[in-house]
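Here is a short briefing to read beside the sequence and the 3D view. Keep both open and find each residue as it comes up.

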Amino acid sequence: MSEQKLEVFNVLNFLNSGYELEDILKEGQFGTFSSAEDCIQYLVDEGYLEGDVTVSANVEVTAEAISKKYVVSELKDILRENGLKVSGKKHELVERVLPVLKEAKDSRNLNVAVEKEKSYDNLELTDKAFEFLKENEWIDLYMFALVAFRFDDYETYVKGSSAGIIETALNFCDEILSRALVANQFLVFIDALSAKAHVYAYGGDYDSFMDYDLQRYILGLNPIVLDAQSYASYDVINEANIINLRNVLEKLEMGSLKKRFDRIWNICNIKSITVPKKTCYKILQKAIAGADIEELNFDLKEKYFDKKFGI
(Lines give C-alpha, C1' and ligand atoms only; values in the text may rest on other atoms or scores of the structure.)
Protein backbone atom coordinates (compact mmCIF):
# COMPACT_ATOMS: atom_id res chain seq x y z
CA MET A 1 0.00 0.00 0.00
CA SER A 2 2.87 2.37 0.78
CA GLU A 3 4.39 1.83 -2.66
CA GLN A 4 1.04 2.65 -4.24
CA LYS A 5 0.81 5.80 -2.12
CA LEU A 6 4.20 6.87 -3.46
CA GLU A 7 3.13 6.29 -7.06
CA VAL A 8 -0.14 8.19 -6.60
CA PHE A 9 1.69 11.12 -5.01
CA ASN A 10 4.21 11.30 -7.85
CA VAL A 11 1.54 11.40 -10.56
CA LEU A 12 -0.53 14.03 -8.75
CA ASN A 13 2.55 16.08 -7.84
CA PHE A 14 3.77 16.16 -11.45
CA LEU A 15 0.31 17.22 -12.60
CA ASN A 16 0.22 19.95 -9.98
CA SER A 17 3.63 21.14 -11.20
CA GLY A 18 2.33 21.73 -14.72
CA TYR A 19 3.30 18.52 -16.49
CA GLU A 20 0.90 17.01 -19.02
CA LEU A 21 -0.75 13.76 -18.00
CA GLU A 22 0.13 12.09 -21.29
CA ASP A 23 3.84 12.80 -20.67
CA ILE A 24 3.63 11.44 -17.12
CA LEU A 25 2.03 8.23 -18.39
CA LYS A 26 4.82 7.73 -20.92
CA GLU A 27 7.64 8.27 -18.43
CA GLY A 28 6.21 6.93 -15.17
CA GLN A 29 6.76 3.62 -13.43
CA PHE A 30 3.60 2.07 -12.01
CA GLY A 31 4.77 -0.98 -10.07
CA THR A 32 1.54 -1.71 -8.16
CA PHE A 33 -0.65 -1.09 -11.20
CA SER A 34 -0.70 -3.37 -14.20
CA SER A 35 -0.52 -0.36 -16.52
CA ALA A 36 -0.48 3.43 -16.59
CA GLU A 37 -4.13 3.34 -17.67
CA ASP A 38 -5.04 1.34 -14.56
CA CYS A 39 -3.26 3.95 -12.44
CA ILE A 40 -5.30 6.76 -13.97
CA GLN A 41 -8.52 4.80 -13.61
CA TYR A 42 -7.69 4.32 -9.92
CA LEU A 43 -7.15 8.07 -9.51
CA VAL A 44 -10.50 8.77 -11.15
CA ASP A 45 -12.33 6.11 -9.11
CA GLU A 46 -10.81 7.36 -5.85
CA GLY A 47 -11.80 10.96 -6.60
CA TYR A 48 -8.32 12.42 -7.15
CA LEU A 49 -9.03 13.29 -10.79
CA GLU A 50 -12.25 14.39 -12.45
CA GLY A 51 -13.35 15.15 -15.99
CA ASP A 52 -14.05 13.35 -19.25
CA VAL A 53 -11.99 10.51 -20.68
CA THR A 54 -12.28 10.61 -24.48
CA VAL A 55 -12.32 7.22 -26.19
CA SER A 56 -11.57 6.90 -29.90
CA ALA A 57 -11.51 3.74 -31.99
CA ASN A 58 -9.10 2.99 -34.81
CA VAL A 59 -10.14 0.31 -37.28
CA GLU A 60 -7.22 -1.80 -38.40
CA VAL A 61 -7.63 -3.37 -41.85
CA THR A 62 -5.31 -6.37 -42.12
CA ALA A 63 -4.14 -8.53 -45.02
CA GLU A 64 -5.49 -11.58 -43.20
CA ALA A 65 -8.97 -10.08 -42.94
CA ILE A 66 -8.96 -9.09 -46.62
CA SER A 67 -7.84 -12.55 -47.73
CA LYS A 68 -10.64 -14.20 -45.75
CA LYS A 69 -13.31 -11.81 -47.02
CA TYR A 70 -12.57 -11.64 -50.74
CA VAL A 71 -12.07 -14.16 -53.53
CA VAL A 72 -9.61 -13.39 -56.33
CA SER A 73 -12.23 -11.98 -58.71
CA GLU A 74 -13.46 -9.51 -56.08
CA LEU A 75 -9.91 -8.39 -55.33
CA LYS A 76 -9.35 -7.77 -59.03
CA ASP A 77 -12.56 -5.72 -59.21
CA ILE A 78 -11.31 -3.47 -56.40
CA LEU A 79 -7.92 -3.07 -58.09
CA ARG A 80 -9.51 -2.38 -61.45
CA GLU A 81 -11.75 0.30 -59.91
CA ASN A 82 -8.63 2.01 -58.59
CA GLY A 83 -6.61 1.71 -61.80
CA LEU A 84 -4.17 -0.81 -60.37
CA LYS A 85 -2.54 -3.91 -61.82
CA VAL A 86 -4.85 -6.97 -61.59
CA SER A 87 -2.43 -9.80 -62.40
CA GLY A 88 -0.67 -11.99 -59.88
CA LYS A 89 -1.35 -14.55 -57.15
CA LYS A 90 -3.93 -13.93 -54.43
CA HIS A 91 -1.43 -12.85 -51.77
CA GLU A 92 -0.02 -10.32 -54.25
CA LEU A 93 -3.50 -8.98 -54.94
CA VAL A 94 -4.19 -8.73 -51.21
CA GLU A 95 -1.02 -6.72 -50.62
CA ARG A 96 -2.01 -4.41 -53.48
CA VAL A 97 -5.55 -3.94 -52.16
CA LEU A 98 -4.50 -3.38 -48.54
CA PRO A 99 -3.34 0.26 -48.85
CA VAL A 100 -6.40 1.08 -50.99
CA LEU A 101 -8.83 0.00 -48.28
CA LYS A 102 -6.76 1.61 -45.54
CA GLU A 103 -6.57 4.93 -47.33
CA ALA A 104 -10.29 4.90 -48.11
CA LYS A 105 -11.04 3.90 -44.50
CA ASP A 106 -13.42 1.36 -46.00
CA SER A 107 -13.49 -1.99 -44.25
CA ARG A 108 -16.27 -3.31 -46.57
CA ASN A 109 -17.73 -5.35 -43.68
CA LEU A 110 -14.43 -7.05 -42.91
CA ASN A 111 -13.89 -8.71 -39.53
CA VAL A 112 -11.29 -6.14 -38.51
CA ALA A 113 -9.50 -5.37 -35.26
CA VAL A 114 -10.59 -2.28 -33.36
CA GLU A 115 -8.02 -0.47 -31.27
CA LYS A 116 -9.37 1.88 -28.61
CA GLU A 117 -7.35 4.88 -27.55
CA LYS A 118 -8.10 7.00 -24.51
CA SER A 119 -7.32 10.67 -24.12
CA TYR A 120 -6.99 12.15 -20.63
CA ASP A 121 -6.62 15.80 -21.66
CA ASN A 122 -9.75 16.86 -19.78
CA LEU A 123 -8.91 15.38 -16.38
CA GLU A 124 -8.14 17.79 -13.53
CA LEU A 125 -7.02 17.55 -9.92
CA THR A 126 -9.83 17.57 -7.37
CA ASP A 127 -9.91 19.15 -3.91
CA LYS A 128 -9.23 15.68 -2.53
CA ALA A 129 -6.05 15.51 -4.61
CA PHE A 130 -4.81 18.87 -3.31
CA GLU A 131 -5.51 17.76 0.27
CA PHE A 132 -3.60 14.53 -0.34
CA LEU A 133 -0.60 16.45 -1.70
CA LYS A 134 -0.58 18.81 1.27
CA GLU A 135 -0.88 16.03 3.83
CA ASN A 136 1.94 14.09 2.19
CA GLU A 137 4.32 16.85 1.11
CA TRP A 138 7.09 14.98 2.93
CA ILE A 139 7.04 12.46 0.04
CA ASP A 140 8.41 15.15 -2.27
CA LEU A 141 11.40 15.54 0.05
CA TYR A 142 11.78 11.77 0.23
CA MET A 143 11.96 11.58 -3.58
CA PHE A 144 14.47 14.43 -3.70
CA ALA A 145 16.86 13.27 -0.97
CA LEU A 146 16.07 9.93 0.65
CA VAL A 147 15.34 7.38 -2.07
CA ALA A 148 18.41 5.38 -1.02
CA PHE A 149 16.35 4.27 1.99
CA ARG A 150 13.13 2.26 2.17
CA PHE A 151 9.96 4.29 1.74
CA ASP A 152 8.12 2.25 4.39
CA ASP A 153 10.84 2.98 6.96
CA TYR A 154 10.72 6.70 6.30
CA GLU A 155 6.92 6.81 6.31
CA THR A 156 6.92 5.17 9.75
CA TYR A 157 9.52 7.66 10.96
CA VAL A 158 7.51 10.63 9.68
CA LYS A 159 4.37 9.41 11.44
CA GLY A 160 6.27 9.33 14.74
CA SER A 161 7.79 12.81 14.37
CA SER A 162 6.26 16.09 15.48
CA ALA A 163 8.97 18.19 13.79
CA GLY A 164 8.76 19.93 10.41
CA ILE A 165 9.56 18.04 7.22
CA ILE A 166 13.16 19.34 6.96
CA GLU A 167 14.02 18.71 10.62
CA THR A 168 12.38 15.28 10.50
CA ALA A 169 14.47 14.31 7.47
CA LEU A 170 17.69 15.58 9.08
CA ASN A 171 16.94 13.62 12.26
CA PHE A 172 16.27 10.51 10.17
CA CYS A 173 19.65 10.89 8.46
CA ASP A 174 21.41 11.40 11.80
CA GLU A 175 19.94 8.18 13.18
CA ILE A 176 21.11 6.26 10.12
CA LEU A 177 24.58 7.79 10.43
CA SER A 178 24.81 6.74 14.08
CA ARG A 179 23.61 3.18 13.44
CA ALA A 180 25.90 2.80 10.43
CA LEU A 181 28.94 3.82 12.49
CA VAL A 182 28.12 1.35 15.24
CA ALA A 183 27.55 -1.46 12.74
CA ASN A 184 30.59 -0.55 10.58
CA GLN A 185 28.31 -0.11 7.56
CA PHE A 186 30.42 2.39 5.67
CA LEU A 187 28.42 2.36 2.42
CA VAL A 188 25.23 3.13 4.33
CA PHE A 189 27.10 5.86 6.18
CA ILE A 190 28.17 7.74 3.05
CA ASP A 191 24.70 7.28 1.51
CA ALA A 192 23.29 8.98 4.60
CA LEU A 193 25.82 11.81 4.29
CA SER A 194 24.73 12.39 0.71
CA ALA A 195 21.07 12.21 1.73
CA LYS A 196 21.62 14.78 4.49
CA ALA A 197 23.31 17.10 2.02
CA HIS A 198 20.30 16.86 -0.28
CA VAL A 199 17.86 17.52 2.56
CA TYR A 200 19.70 20.81 3.18
CA ALA A 201 19.58 21.60 -0.54
CA TYR A 202 15.84 20.92 -0.57
CA GLY A 203 15.48 23.55 2.14
CA GLY A 204 17.68 26.01 0.23
CA ASP A 205 20.66 25.76 2.62
CA TYR A 206 23.43 25.26 0.05
CA ASP A 207 26.24 26.06 2.50
CA SER A 208 25.31 23.02 4.56
CA PHE A 209 24.78 21.04 1.37
CA MET A 210 28.36 21.77 0.30
CA ASP A 211 29.71 20.82 3.74
CA TYR A 212 28.06 17.40 3.78
CA ASP A 213 28.68 16.63 0.11
CA LEU A 214 32.35 17.50 0.58
CA GLN A 215 32.43 15.24 3.62
CA ARG A 216 30.96 12.48 1.49
CA TYR A 217 33.70 13.05 -1.09
CA ILE A 218 36.55 13.10 1.44
CA LEU A 219 35.39 9.99 3.26
CA GLY A 220 34.80 8.27 -0.06
CA LEU A 221 38.55 8.54 -0.59
CA ASN A 222 39.28 7.64 3.03
CA PRO A 223 36.82 4.92 4.07
CA ILE A 224 36.33 4.35 7.77
CA VAL A 225 36.01 0.63 7.10
CA LEU A 226 35.54 -1.35 3.89
CA ASP A 227 35.43 -5.12 3.52
CA ALA A 228 36.68 -6.90 0.41
CA GLN A 229 33.18 -7.80 -0.79
CA SER A 230 31.98 -4.19 -0.67
CA TYR A 231 35.21 -2.95 -2.23
CA ALA A 232 34.74 -5.19 -5.29
CA SER A 233 32.04 -2.85 -6.62
CA TYR A 234 33.15 0.31 -4.85
CA ASP A 235 33.61 3.61 -6.71
CA VAL A 236 36.12 5.70 -4.79
CA ILE A 237 34.80 8.87 -6.45
CA ASN A 238 31.03 8.96 -6.78
CA GLU A 239 30.12 10.65 -10.07
CA ALA A 240 26.79 12.00 -8.80
CA ASN A 241 28.63 13.53 -5.83
CA ILE A 242 30.98 15.39 -8.19
CA ILE A 243 28.15 16.56 -10.45
CA ASN A 244 26.29 17.96 -7.44
CA LEU A 245 29.36 19.82 -6.18
CA ARG A 246 30.13 21.18 -9.63
CA ASN A 247 26.56 22.41 -10.19
CA VAL A 248 26.45 24.30 -6.89
CA LEU A 249 29.89 25.83 -7.42
CA GLU A 250 28.94 27.00 -10.91
CA LYS A 251 25.59 28.51 -9.92
CA LEU A 252 26.37 30.04 -6.51
CA GLU A 253 29.07 32.14 -4.90
CA MET A 254 30.40 29.71 -2.30
CA GLY A 255 33.68 31.37 -1.34
CA SER A 256 37.05 29.62 -1.34
CA LEU A 257 36.71 25.90 -2.09
CA LYS A 258 40.18 25.25 -0.61
CA LYS A 259 39.28 26.85 2.75
CA ARG A 260 36.01 24.93 2.88
CA PHE A 261 37.80 21.70 1.96
CA ASP A 262 40.38 22.21 4.74
CA ARG A 263 37.65 22.85 7.30
CA ILE A 264 35.62 19.80 6.30
CA TRP A 265 38.75 17.62 6.27
CA ASN A 266 39.32 18.52 9.92
CA ILE A 267 35.67 17.81 10.77
CA CYS A 268 35.97 14.35 9.22
CA ASN A 269 38.59 13.47 11.86
CA ILE A 270 40.06 10.70 9.70
CA LYS A 271 41.83 8.06 11.79
CA SER A 272 43.35 6.08 8.94
CA ILE A 273 44.29 8.09 5.85
CA THR A 274 44.11 6.24 2.54
CA VAL A 275 44.55 9.17 0.15
CA PRO A 276 46.57 12.13 1.53
CA LYS A 277 44.85 15.46 1.99
CA LYS A 278 46.74 17.33 -0.75
CA THR A 279 46.09 14.53 -3.22
CA CYS A 280 42.39 14.46 -2.31
CA TYR A 281 42.06 18.15 -3.07
CA LYS A 282 43.98 17.94 -6.35
CA ILE A 283 41.78 15.07 -7.50
CA LEU A 284 38.68 17.02 -6.48
CA GLN A 285 39.80 19.93 -8.63
CA LYS A 286 40.40 17.61 -11.60
CA ALA A 287 37.03 15.92 -11.20
CA ILE A 288 35.11 19.20 -10.93
CA ALA A 289 37.00 20.50 -13.98
CA GLY A 290 35.68 17.56 -16.00
CA ALA A 291 38.32 14.84 -15.79
CA ASP A 292 37.19 11.31 -16.58
CA ILE A 293 35.83 9.88 -13.30
CA GLU A 294 36.35 6.29 -14.38
CA GLU A 295 40.03 6.91 -15.06
CA LEU A 296 40.46 8.74 -11.76
CA ASN A 297 38.85 5.83 -9.94
CA PHE A 298 41.11 3.32 -11.67
CA ASP A 299 44.25 5.27 -10.78
CA LEU A 300 43.18 5.75 -7.16
CA LYS A 301 42.39 2.08 -6.66
CA GLU A 302 45.64 0.97 -8.24
CA LYS A 303 47.80 3.40 -6.24
CA TYR A 304 46.09 3.60 -2.85
CA PHE A 305 43.31 1.06 -2.36
CA ASP A 306 44.03 -2.38 -3.77
CA LYS A 307 46.70 -3.44 -1.28
CA LYS A 308 45.06 -1.81 1.72
CA PHE A 309 41.73 -3.54 1.22
CA GLY A 310 43.09 -6.96 0.43
CA ILE A 311 42.65 -7.12 -3.31
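A search of the whole structure finds 13 salt bridges. The model is a predicted one. The points below cover charged pairs, surface patches, cysteines, backbone angles and contacts across the sequence.

- K68 and E64 join their side chains in a salt bridge, with N to O at 3.4 Å.
- Both partners sit in helix α4 (residues 63-69). K68 and E64 are 4 residues apart, about one turn of the helix.
- K68 and E64 are both exposed.
- E175 and R179 form another salt bridge, at 3.7 Å from N to O.
- Helix α10 holds both E175 and R179. Their spacing is 4 residues, about one turn of the helix.
- E175 counts as partly exposed, because its relative accessibility is 38%.

**A salt bridge between two helices**

- R263 and D211 also make a salt bridge, and their closest N and O atoms are 3.0 Å apart.
- R263 belongs to helix α15 and D211 to helix α12 (residues 206-221), so this pair ties together parts that are 52 residues apart in sequence.
- Are the two partners buried or exposed, or something in between? R263 is partly exposed, at 39% relative accessibility. D211 is buried, with a relative accessible area of 17%.
- The pair is part of a network of salt bridges that links D207, D211, R260 and R263.

**Patches on the surface**

- Which residues gather in a patch of negative charge on the surface? They are D235, E239, D292, E294, E295, D299 and E302.
- Helix α17 (residues 293-305) supplies the largest share of this negative patch, with 4 residues.
- E295 is found in helix α17. This residue is exposed, because its relative accessible area is 53% and the cut-off for exposed is over 50%.
- A nonpolar surface patch is made by L181, I224 and V225. Its area is about 240 Å².
- L181 has its place in helix α10. L181 is partly exposed, with a relative accessible area of 45%.

- A disulfide needs sulfur atoms within 2.5 Å.
- C280 is in no disulfide, and the nearest cysteine sulfur to its own is that of C268.
- C268 is buried, at a relative accessible area of 12%.
- C280 is buried too, at 0% relative accessibility.

**Positive phi angles**

- N184 has a phi near 55°, a positive value in a residue other than glycine.
- N184 lies in the loop between α10 (165-182) and α11 (186-202). At 51% relative accessibility, N184 is exposed.
- N269 is not a glycine, yet it has a positive phi of about 50°.
- The loop between α15 (257-268) and α16 (277-289) is where N269 is found. N269 is partly exposed, with a relative accessible area of 46%.

**Pairs separated in sequence**

- Where is G47? G47 is in the loop between α3 (36-45) and β1 (49-50). Its relative accessibility is 26%, so G47 counts as partly exposed.
- G47 and T126 are 79 residues apart in sequence. In space, their C-alpha atoms are 6.9 Å apart.
- F9 is in helix α1 (residues 2-16). F9 is buried, because its relative accessible area is 2% and buried means under 20%.
- F9 and N136 are 127 residues apart along the chain. Their C-alpha atoms are separated by 7.8 Å.

Methods
Residues numbered from 1 in each chain as written. Predicted model: local features only at pLDDT ≥ 70, side-chain atom pairs only at ≥ 80, totals over all residues. Heavy atoms only, no water. Patch = residues over 30% accessible without salt bridge, like charges linked within 9 Å, V, L, I, M, F, W, Y side chains within 5 Å. Areas by Shrake-Rupley, 256 points an atom, 1.4 Å probe, with all protein chains shown as cover. Salt bridge = Lys/Arg side-chain N within 4 Å of Asp/Glu carboxyl O. Lys, Arg positive; Asp, Glu negative; His and termini not counted. Charge placed at Lys NZ, Arg CZ, Asp CG, Glu CD. Buried < 20%, exposed > 50% of the residue type's maximum accessible area, 1.4 Å probe, protein only.
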